[in-house]
Amino acid sequence: MRRVPAWALLAAVCAPVLLVGAWSVAGVLQGPGYDPATTTISVLAAHGAPGYWLMTVALLALGTCYMAIAAGLRPAAGAGRAALAGGGASAMGLTLVPAPLKGGDLGHGTVATTGFVLLALWPVLAADRSGVRVPWGLRPRVCAGATAAMAAGAVLLLGSLLGGWAPGVTERALTFAQALWPLLVVLSCRWSAWTTAESPG
């Protein structure tokens, strides 16, 4: 099995840390009137927001992390790696179409939706169906379960946005899950490679 390089592991560790760290600091900069439960992350990255530049840098770094992981995740199927890289490109693309401080924006919504879809689909597309010493993070059933969970989260997010009930919480849970999953996959691949190398014969 092809190994996942250490730099891909570093990128996978950085992705969720960058995401949570950026929205936490930007939320503080936003002031006491900002409610993370009812307001989406996009407001933090809106042009003119106190944390605009912080979130812009974080989105660019996050997108770079996703692309680096996709490049280094050699045991995964090519379609999944392409979808993960596309999710990274979408994260970077959000910096070109920031959300307004109030109301919606078609361009921002389109890029954000594309990113959510790609990051939900990449696990099932990345599954290794060879059946030979497959890391648990690339096993078809595990990958299908991850995609199903993220798809359910996306539907819940849509419902919370339309219904106005805690969309900030739903969005943060979904984006964190999508940032964490690549790390779990990378760890499973490196563990599988290590145990294979250590096993006799």
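Reply: Happy to! Helices here are DSSP runs of H or I with at least four residues, numbered from the N terminus. Please keep in mind that this is a predicted model.

Me: Which helix holds Q178, and is Q178 buried or exposed?
Reply: Q178 sits in helix α7, which covers residues 167-198. Its relative accessible area is 2%, and the cut-off for buried is under 20%. Q178 is therefore buried.

Me: Which residue's backbone oxygen lies 3.2 Å from a polar atom of the Q178 side chain?
Reply: Leaving aside neighbours within four places in sequence, Q178 is in contact with Y66, F116, L119, A120 and M150. The backbone oxygen lying 3.2 Å from a polar atom of the Q178 side chain belongs to F116.

Me: How are α4 and α5 oriented relative to each other?
Reply: Helix α4 (residues 78-93) packs against helix α5 (residues 106-126) with axes 7 Å apart, at an angle of about 160°. Angles over 145 degrees count as roughly antiparallel. The crossing is left-handed. The two helices are therefore roughly antiparallel.

Me: How many charged residues are in the contact of α4 with α5?
Reply: On the α4 side the contact includes A79, G80 and A83, and on the α5 side V111, T114 and G115 are among the residues. The contact residues divide into 9 nonpolar and 7 polar, and the charged ones number none: no charged.

Note on methods. Residues numbered from 1 in each chain as written. Predicted model: local features only at pLDDT ≥ 70, side-chain atom pairs only at ≥ 80, totals over all residues. Heavy atoms only, no water. Buried < 20%, exposed > 50% of the residue type's maximum accessible area, 1.4 Å probe, protein only. Polar contact = N/O pair within 3.5 Å; in protein donor to acceptor, adjacent residues only side chain to side chain. Contact = heavy atoms within 4.5 Å. Axes fitted to C-alpha atoms, helices over the stretch in contact; angles between N-to-C directions. Parallel < 35°, antiparallel > 145°, perpendicular 65-115°, else oblique. Left-handed = near helix turned anticlockwise from the far one by under 90°. Nonpolar A, V, L, I, M, F, W, Y, C, P; charged D, E, K, R; others polar.
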